[in-house]
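The tour below moves from one selection to the next.

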Amino acid sequence: MSSEPTRQPNTVDFYRYFLTRYPGQTVSLIVLFLFASAAEGFSLLTLFPVLKVMLGGEQSSDSGAGRYVGDLFAATGLEMSLTNLLLVVVVGIVIKGFLSWVAMHQVAKTIAEMATSFRLDLVGALFRADWTFFADHPTGALSNAVSGETAAAASAYNHACRSA
């Protein structure tokens, strides 16, 4: 036996596994979550000029956020009024919600595919296994592996996507 301790998988290994096993789904989720975060960030950034206008300040853009939002409004030709600012906030939040919904829909589809793939891999390994090993173990251990363990692995992906 080797005297070296076995290396425990870490978070990077966890994400690397899903990225290599399900590359299209994982990359699309990352892109969707990035765009959703950008929409939310921009709508929150627009709140600073909204608060300034609502608190009786002028609509000038003295702060960095105000200047940035003012430049974007000028580039699009929109007037920087309270109505337009609030509209940008609401649209940003709606876009964020929609992109998050699409991403979580993709997560659900990936989890279903993942659980099926795990079960097929496990059943394939069982057919190649030495059955004398299973003769000495209760049948519940095998059925638990087929149902419970695959669901737990798919659930790990779900939690990883929700925490991102």
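This is a predicted model: local features need pLDDT of at least 70, side-chain atom pairs count only at pLDDT 80 or more; totals for chains, interfaces and linings use all residues.

**Stop 1: the largest nonpolar core.** Select Leu29, Met114 and Tyr157: of the 16 residues in the largest nonpolar core, these touch the most other members. Helices α2, α4 (82-128) and α6 (139-163) each supply at least two residues of this core, and α4 gives the most, with seven. Another core lies apart from this one; it has seven residues, including Val50, Val69, Met80 and Val88.

**Stop 2: methionine 114.** Centre on Met114 and list its contacts, leaving out neighbours within four places in sequence. What remains is Phe18, Tyr22, Ala153, Ala154 and Tyr157.

**Stop 3: threonine 46.** Move to helix α2, residues 23-54, and pick Thr46. Is Thr46 buried or exposed? Its relative accessible area is 0%, under the 20% cut-off, so Thr46 counts as buried. Beyond four places in sequence, Thr46 touches Val69, Leu85, Val88 and Val89. Val69 and Val88 are also among the members of the seven-residue core.

**Stop 4: the surface patch.** Switch to a surface view and select Leu19, Val27, Ile30, Val31, Leu34 and Phe35, which make a nonpolar patch of about 550 Å². Helix α2 contributes the largest share of this patch, five residues. In soluble globular proteins, nonpolar side chains tend to be buried together. Finish on Val27, found in α2: with a relative accessible area of 43%, Val27 is partly exposed.

Definitions and conventions: Residues are numbered from 1 along each chain as its sequence is written. Side-chain values use heavy atoms; hydrogens and water are left out. Helices (H or I, at least four residues) and strands (E, at least two) are DSSP runs, numbered from the N terminus. Buried means under 20% relative accessible area, exposed over 50%, partly exposed in between (1.4 Å probe, protein chains only). Contact means heavy atoms within 4.5 Å. A nonpolar core is a set of buried Ala, Val, Leu, Ile, Met, Phe, Trp, Tyr and Cys residues joined through side-chain atoms within 4.5 Å. Patches are made of residues with over 30% relative accessible area and no salt bridge: like charges are joined within 9 Å, nonpolar side chains (Val, Leu, Ile, Met, Phe, Trp, Tyr) within 5 Å. Accessible areas come from the Shrake-Rupley method with a 1.4 Å probe; for residues, only the protein chains shown count as cover. A salt bridge is a side-chain nitrogen of Lys or Arg within 4 Å of a carboxyl oxygen of Asp or Glu.
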